[in-house]
Amino acid sequence: MSGPRAIRLAGGRLAGLSWGDEAAPTWLALHGWLDNAASFTRLAPLLVRQMGIRIVAIDFSGHGHSQHVAGDYALWDYCHDLLDAADDLGLERATLLAHSMGAGVSCLAAAAFPERIGRLVLIDGLGALTTPAGDSAQQLRKGLRSARRSLSAAPRYPDIETAVAARVAGGVTPIDAVTATPVVERNLCHEDDGHVRLRTDGRLLWPSPVRLTPEQALALLGSIQAPVLLIEGEGGILGGRESAAAARSAVSTLTRRVLPGGHHLHLEPGAVAAVAETIVDWQAMEAKVL
């Protein structure tokens, strides 16, 4: 099977990668925070081959090869990336394959536009990060203070290996070099002296000035009508946390599967095959229900 094809959407504002035949049913793939479309490099070919579908993975604004935007990056703003991409691809009712932050964006879009979202396949992510209402002023203070500081230059490294090592050492969630390499490579631009520099917009690291409250996030999850498959990693970020249990309980259409692997289990060479098998089996089950 040939590798992914580069794609531009939303008038060139969004970049992405496409796997599979353009005439095949298309799934839209959405990556996690500080990642990019290459997050699906190992999973997409398996699903394309086994299911006969096309997968288009976008780089969210500020990530990968997509354009940066002014101001902060609110979670709900990424819904425009999702909807713009779906419009360009002619997806009147989209199936979403989403990881981490991308899963949160998918949940918001599915709650707000149930007529546009047919199915959700979520990987180690469900709903939005929240702030209790009583902490809103402090959250706003953090976000505004960050936005008023000068933006630092993007990190620069002597080679790709050093950039990968920096991601492994500084990642918010544990990740190894083999797993991280595809997303790091796509996040780099090459300079004339042989060094590489991160493409990612540094403003993605700013704290959000406003977040949903836990009550709002649960209400939105409760509004989801589409069938949902949630695949969690045994070493992922959800697990037995009380907030994750409440989020799962809020979605009446949810099917949960827990598989070996970490937060990026869909990108881990040793875990990705089981992720693909789980998605294929769930899709077959859903087809029988319909």
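Hi everyone, let's start with R116, which forms a salt bridge with D87, the closest N and O atoms being 2.9 Å apart. By salt bridge I mean a side-chain nitrogen of Lys or Arg within 4 Å of a carboxyl oxygen of Asp or Glu. The partners are 29 residues apart: R116 sits in the loop between α3 (101-112) and β6 (117-123), and D87 in helix α2. Helices (H or I, at least four residues) and strands (E, at least two) are DSSP runs, numbered from the N terminus. R116 is buried at 18% relative accessible area, while D87 is partly exposed at 46%. Here buried means under 20%, exposed over 50%, and partly exposed in between, with a 1.4 Å probe and protein chains only.

A word on the source: this is a predicted model, where local features need pLDDT of at least 70, side-chain atom pairs count only at pLDDT 80 or more, and totals for chains, interfaces and linings use all residues. Residues are numbered from 1 along each chain as its sequence is written, and side-chain values use heavy atoms, leaving out hydrogens and water.

Helix α2 (residues 78-88) also holds D81, whose partner R13 lies 68 residues away in the loop between β1 and β2 (14-19). D81 is buried at 2%, and R13 is partly exposed at 21%.

Now, the sheet, please! It is open, with 8 strands in the order β1-β2-β4-β3-β5-β6-β10-β11 and mixed pairing; pairing takes at least two DSSP bridges between two strands. The edge strands are β1 (5-9) and β11 (254-262). Inside, β3 and β5 run parallel over 4 bridges, with A29 opposite L97. Thanks, all!
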